[in-house]
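Here is a short briefing on one protein chain.

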Amino acid sequence: MLRFEDPIYLWLLWLIPLLALVRLFVWRRRKGKLKKFGDPALVKDLMPDVSKYRPAVKFWLLNAALAVLIIMLARPQMGAKISHEKRNGIEAIICMDISNSMLAQDVAPSRLDKSKMLVENMVDHFTNDKIGLVVFAGDAFIQLPITSDYVSAKMFLQNIDPSLIQTQGTDIGRAITVAMHSFTKQDKVGRAIIVITDGEDHEGGAEEAAAAAKKQGINVFILGVGSPKGAPIPLGDGNYMKDASGQTVMSALNEQMCREIAKAGSGTYIHVDNTSDAQEQLNDQITKLQKGDTDSVIYSEYNEQFQAFAVLALLILIVEVCILEAKNPKLKNVRLFKRKK
């Protein structure tokens, strides 16, 4: 597995297309000046030693050497030792509601942002556990397959917003079903589906899906975000969402439905508000789950590979120096293909 110790240097690779654009600009200007100087065919006869292709070859060789040197600066490394470690932990799939109602701000800074912070804090408490992300609104799909890579989990978490799903609504049943099929096949591992939603289920079937998960030994926890009193849904331009009659839409947390889904899934309902109580309750519930051995692939040692790139860059530069821009006078009469008379 190839990795880079200093990947920030890879941004310098954008210099390659930039230099190509500069060369194209210079070449077009030079061509225009030669046309002003005289007839192109006549000018070509006056410069018999000028090669049409050698300058371009030398340019691209220099660019190739530059690219290889940039990769060398990023310190490429290859995994030298791979081990399959047994870790004692659980598997948790987070089902995140990203419908427009999750933008309501009855929980600061918003229902969705509060949910992200809650999950990020939960991941910070993970050690040997695995996590996956499912996002849902009127439909549901896997945002991050189950993994023990917590850095990737946080990165995917930050990119979650309502624009990921065009079909609006809230289909909790679909989200639970997708999550059920996202776990690994390992035995004797505690599994949990954690649904974070404001409880406005428009499709139905959530209790049935939670009951099906229970039969497979998966606990379904419901985190209800928001206030039962309701709050308007901001549109991002200072206005709020309105219904067909022009009235402001009020989105309220449906706690009763959340409790029923959690009960059907042999889990717990937790209300998420502006306090840290929900975080503490969730962490307590997670620690109660049965932990089992999970298999993780670990690259424990890496060998530096920059030497190979340094040699490659040196060879490219040697070839570039050996190629002259002008035609070789000793080879000017050599014709690989003779023109028929």
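Two strands count as paired if DSSP finds at least two bridges between them. On that basis, this predicted model holds an open sheet of 6 strands with mixed pairing.

- Strand S5 (140-147) and strand S10 (269-272) are the edge strands, and each pairs on one side only.
- Neighbouring strands are turned by 20 degrees against each other on average, direction ignored.
- Strand S3 (residues 91-97) pairs with S6 in the parallel sense, over 6 bridges.
- Cys-95 stands opposite Val-195 in S6.
- Helix H5 (residues 150-158) packs on the sheet and touches S3, strand S4 (130-136) and S5.
- The direction of H5 makes about 15 degrees with that of S4.

**Helix H7**
- H7 spans residues 206-215.
- Four alanines of H7 are buried: Ala-206, Ala-209, Ala-210 and Ala-213.
- Seen down the helix axis, the buried residues of H7 fall within an arc of 100 degrees, so they line one face of the helix.
- Glu-208 and Lys-215 are exposed on the other side of H7.
- The buried residues of H7 pack against two helices, H6 (172-180) and H8 (255-264).
- They also pack against two strands, S6 (191-197) and S7 (218-225).
- Gly-217 follows H7 and has a positive phi, near 80 degrees.

**Aromatic rings**
- The structure holds 2 aromatic pairs.
- One of them joins Phe-59 and Trp-60, with ring centres 5.1 Å apart.
- The planes of Phe-59 and Trp-60 stand at 75 degrees, and planes over 60 degrees apart count as edge-to-face, so this pair is edge-to-face.
- Phe-59 has a relative accessible area of 17%; the cut-off for buried is under 20%, so Phe-59 is buried.
- Trp-60 has a relative accessible area of 47% and is therefore partly exposed.
- Arg-23 lies over the face of Phe-59, at 5.1 Å from the ring centre.
- Phe-59 thus has two partners described here: Trp-60 in the edge-to-face pair and Arg-23 over its face.

Note on methods:
Residues numbered from 1 in each chain as written. Predicted model: local features only at pLDDT ≥ 70, side-chain atom pairs only at ≥ 80, totals over all residues. Heavy atoms only, no water. Phe/Tyr/Trp six-rings, centres within 6.5 Å; stacked < 30°, edge-to-face > 60°. Buried < 20%, exposed > 50% of the residue type's maximum accessible area, 1.4 Å probe, protein only. Lys NZ or Arg CZ within 6 Å of the ring centre and 35° of its normal. Arc of directions from axis to C-beta. Contact = heavy atoms within 4.5 Å. Axes fitted to C-alpha atoms, helices over the stretch in contact; angles between N-to-C directions.
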